[in-house]
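The sequence and structure are shown first, and the points follow by topic.

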Amino acid sequence: MTLHILSRAHSAADCTADCARALADGDAVLLLGDGTYAAIAGSAAIALLHAGGQRITLHAHAGDCAARGLAGRLDACVQAIDDAAFVALAVAHPRSVSWF
Amino acid sequence: MSATPRTILLICRAAPCDGTRARDTLDAAMACGIFDLPVTLLFSGDGVYATLAGQDPAAGSARNVGKMLGALPDHGVTAVHACAAALHERGLATADLVAGVSAADARAIATLVAGHDIVLTI
């Protein structure tokens, strides 16, 4: 199980594509910083991450979302998480990959 | 108790002349090889440009990333991959690359990531 981290905005779409290619069943994707823009409902990034059909979970840092005015705009498949849950997510995954 | 060294996957997404990230990746790979740490390299995005054969930075300037790649087997590093999709998007084929670099499709990349203990993106 791998935790994939996306921290850059849409113009870095290649990072999202590379992440999508590396996904396996059971992986989690964490959107941090500018990566939270990908959590907006209907974003191309979410479609790209699901395109391969892998069974994955999507999470977005709640504080980073709020800072960017994204609360209430998140896609239904994205779970907003606080710092404690962020730590739990990292602990639960033996490896993490940051795509930038 | 003998510890089995953890396996390392190094990912580079930066072009060879774009800052030092590509060179830093190869330096890290060589260090792993020297200390017998099992290491695999994956170049994706603009990083695939670092695997092109025939690179020749102006004499006396930056180190030649292509030559560094070619020297990896001497340091015990032989697993070097380039993202097939990134190559295709850039009009490149494996024949254009330094010898020993193999193309990895999405399935292979997912297998690489899941198959290593530590994954570092430089």
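In this predicted model, B:R13 and A:D18 form a salt bridge whose closest N and O atoms are 2.7 Å apart; a salt bridge is a side-chain nitrogen of Lys or Arg within 4 Å of a carboxyl oxygen of Asp or Glu. B:R13 lies in the loop between strand 1 (8-12) and helix 1 (21-34) of chain B, and A:D18 in helix 1 of chain A, so the pair joins two chains. Helices (H or I, at least four residues) and strands (E, at least two) are DSSP runs, numbered from the N terminus.

**Conventions**

- Residues are numbered from 1 along each chain as its sequence is written, and chains are lettered from A and ligands numbered from 1 in the order in which they are written.
- Local features need pLDDT of at least 70 and side-chain atom pairs count only at pLDDT 80 or more, whereas totals for chains, interfaces and linings use all residues; side-chain values use heavy atoms, with hydrogens and water left out.

**Salt bridges and polar contacts**

- Over all chains, the structure holds 7 salt bridges.
- Across the interface of chain B and chain A, the rule finds 2 salt bridges.
- A:D14 forms a salt bridge with B:R90, and the closest N and O atoms of this pair are 3.8 Å apart.
- Between chain B and chain A, 8 residue pairs are in polar contact, both residues being at pLDDT 80 or more. A polar contact is a pair of N or O atoms within 3.5 Å; within protein, one must be able to donate a hydrogen and the other to accept it, and residues adjacent in sequence count only if both atoms are side-chain atoms.

**Make-up of the interface**

- Contact (heavy atoms within 4.5 Å) involves 19 residues of chain B and 15 residues of chain A.
- The two chains bury about 1300 Å² between them, 54% of it on carbon and sulfur atoms; buried area is the accessible area (1.4 Å probe) that two parts lose on being put together, summed over both.
- B:R13, B:V113 and B:T121 supply 36% of the area that chain B buries against chain A, more than any other three residues.

**Sheet of chain A**

- The open sheet of chain A has 5 strands in the order 4-3-2-1-5, with parallel pairing; two strands pair if DSSP finds at least two bridges between them.
- Strand 4 (78-81) and strand 5 (95-99) of chain A stand at the edges, each with a single partner strand, so one side of each is left without a neighbour in the sheet.
- Neighbouring strands of this sheet are turned by 25° against each other on average, direction ignored. Axes are lines fitted to C-alpha atoms, for helices over the stretch in contact, and angles run from 0 to 180 degrees between N-to-C directions.
- Helix 1 (residues 13-21) of chain A packs on the sheet and touches strand 1 (2-6) and strand 5 of chain A; the direction of helix 1 makes about 170° with that of strand 1.
- Strand 2 (residues 28-31) and strand 3 (residues 57-61) of chain A run parallel and are joined by 4 bridges.
- A:L31 stands opposite A:A60 in strand 3 of chain A.

**Sheet of chain B**

- In chain B, 5 strands form an open sheet in the order 4-3-2-1-5, and the pairing is parallel.
- Strand 2 (residues 39-43) and strand 3 (residues 80-83) of chain B run parallel, with 3 bridges joining them.
- B:L42 has B:H81 in strand 3 of chain B as its bridge partner.
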